Amino acid sequence: MKFMKKIMAVLGTVFIILLSGCSEAAPIPDAPFEIDGLVCSERVSLSYAEQFAIDRYEGGYSAIHTMNGESYLIVPDGKDIPKGLSEDITIIKQPLANVYLTATSAMGFFAELGQGEAVRFSGTRAEDWYIDYAREAMESGSILYAGRYREPDYELLLEKNCGLSIQSTMLSHSPEVKEKLNELGIPVFVDYSSYESHPLGRSEWIRVYGEMTGAYELADRLFEEQAGKLEAISEKETGKKVAFFYISSSGQAVTRKSGDYITKMIELAGGENVFEAPGDDKATSSVTMEMEQFYSQAVNADIIIYNSTIDGELTSISELTAKNGLLADFKAVKNGDVWCTGENLFQETMKLGTFVSDLNSVFTENTGSAPPQFLFRLEDGGTE
């Protein structure tokens, strides 16, 4: 009997461990860490973001906590690392320099903050950047290509004294990379902005990079500008039915899931997604539809927005209908209400408030005074 009780106790412990391992994320601490020698002055108030927290301490120190249970202590230039600090807390030293960045969403934050020089290595090649600063910096050699997230050029990173690696959540598919970087003394920060439920929660991650670089006051101002664009939208329900999609190389229509942040931005701008709650169990943001199903749901859409970030920007409605002749029957095509996204949309995480404002101006036919930054109308003769 005692033996069986021991077995049940062990099994119970294993079960609890398995359950905790299957949870989506470890919680962000409810209160700031108590760190010997440091006095916490505030927890930063956030407007939309839920996947990080920032605590500030006297003397210029701050801690960043992310939704996966990781914590990072920002140590100001010239200041000492507190003694007795838990090994679970990763140290990021200022001034931030020689960053290896594979999370493309973070580059826009560095550029907007005027801190692009902190990035020395990129996991994206120059021709694949649609942020001007990043592309030009790589072409000039001030940012070096150091391999994709799953295949870093460890020798280059060591030779050039890499100080921090900023990774996307794709790193979870290559845990050995994080282990190797840590082994080489290169701290790893994982950007979870893509997990934010509200689009402006993604933009609010500029506060994280403002904290890392010491430009947090500018970060606050830049974020409030984006939040203000959403608050300034007067017509929250325009009644416009919208189809956001692209045509794949196999001829199928690819749109976004009902809970995806693009769909949410359409709704925040006063539009209505025409697709009937598309979604599946796969961990992707897009949904592939057969043309018959796509046609039946999108043919009467008031506005078409073509996602150009996959196969390049279109230049005319004729180029769109050449992808599938059925598109010529669409109400939006006949009325000339066809718009195309710029290729930079998905790399400009900082400006999602601007994109919502762009959408609203299209839905309300108010694009004359301030042309959209991320959208352009398709004409048979080319772009406007």
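This report walks through a few spots in a predicted model, from paired strands to a pocket.

Let's begin with strand E2, which covers residues 52-57 and is mostly covered, with six of its six residues buried. Phe52, Ile54 and Arg56 point one way from E2, while Ala53, Asp55 and Tyr57 point the other way, and all of them are buried. Strands like these pair through backbone hydrogen bonds, either parallel or antiparallel. E2 has antiparallel pairings with E1 (residues 40-43), over three bridges, and with E3, over five bridges. If you want to find these pairings on screen, look for Arg43, whose bridge partner in E2 is Asp55, and for Ile54, which stands opposite Ile64 in E3. Four residues sit between the strands in the hairpin of E2 and E3, and there Gly59 takes a positive phi near 90 degrees.

**Two buried side chains**

Now pick out His65, which sits in strand E3 (residues 62-66). Is His65 buried or exposed? With 0% relative accessibility, His65 counts as buried, because the cut-off for that is under 20%. Leaving aside neighbours within four places in sequence, His65 is in contact with residues including Phe52, Ala53 and Asp55, which belong to the buried set of E2. Arg43, the bridge partner of Asp55, is also among the contacts of His65.

Ser308 is another residue to look up, in the loop between strand E15 (303-306) and helix H11 (317-321). Its relative accessible area is 0%, so Ser308 is buried too. Beyond its neighbours within four places in sequence, Ser308 is in contact with Glu313, Cys340, Thr341, Gly342 and Glu343.

| Side chain | Partner | Distance |
|---|---|---|
| His65 | side chain of Ser71 | 2.7 Å |

**Helix H7**

Helix H7 takes in residues 206-213, and eight of the eight are buried, so the helix is largely enclosed by the rest of the structure. Which residues of H7 are buried? They are Ile206, Arg207, Val208, Tyr209, Gly210, Glu211, Met212 and Thr213. Just after H7 comes Gly214, with a positive phi of about 85 degrees.

**A five-strand sheet**

Elsewhere, five strands make an open sheet with parallel pairing, in the order E8-E7-E6-E9-E10. Strand E8 (144-145) and strand E10 (188-190) stand at the edges with a single partner strand each, so one side of each is left without a neighbour in the sheet. At the E8 end, two bridges join E8 to E7 (residues 119-122), and the two run parallel. A handy landmark is Phe121, which stands opposite Leu144 in E8.

**The second largest pocket**

Last stop: the second largest pocket, with about 330 Å³ of space. It is lined by 20 residues, and the closest to its centre are Ile91, Gly163, Leu164, Gly185 and Pro187. Strand E5 (89-93) and helix H5 (175-183) are the elements that give two or more residues to the lining. Which of them gives the largest share of the lining? That would be E5, with four residues. Sorted by class, the lining of this pocket has eleven nonpolar, six polar and three charged residues.

Notes. Residues are numbered from 1 along each chain as its sequence is written. This is a predicted model: local features need pLDDT of at least 70, side-chain atom pairs count only at pLDDT 80 or more; totals for chains, interfaces and linings use all residues. Side-chain values use heavy atoms; hydrogens and water are left out. On a 1 Å grid over the protein atoms alone, a cavity is a set of points where a 1.4 Å probe fits but cannot get out, and a pocket is an open set with protein on both sides within 12 Å along at least five of seven lines; lining residues have an atom within 4 Å of a point. Grid points are joined across faces, edges and corners, and a volume is the space filled by probe spheres set on the points. Ala, Val, Leu, Ile, Met, Phe, Trp, Tyr, Cys and Pro count as nonpolar, Asp, Glu, Lys and Arg as charged, and the others, Gly among them, as polar. Buried means under 20% relative accessible area, exposed over 50%, partly exposed in between (1.4 Å probe, protein chains only). A polar contact is a pair of N or O atoms within 3.5 Å; within protein, one must be able to donate a hydrogen and the other to accept it, and residues adjacent in sequence count only if both atoms are side-chain atoms. Contact means heavy atoms within 4.5 Å. Two strands pair if DSSP finds at least two bridges between them.
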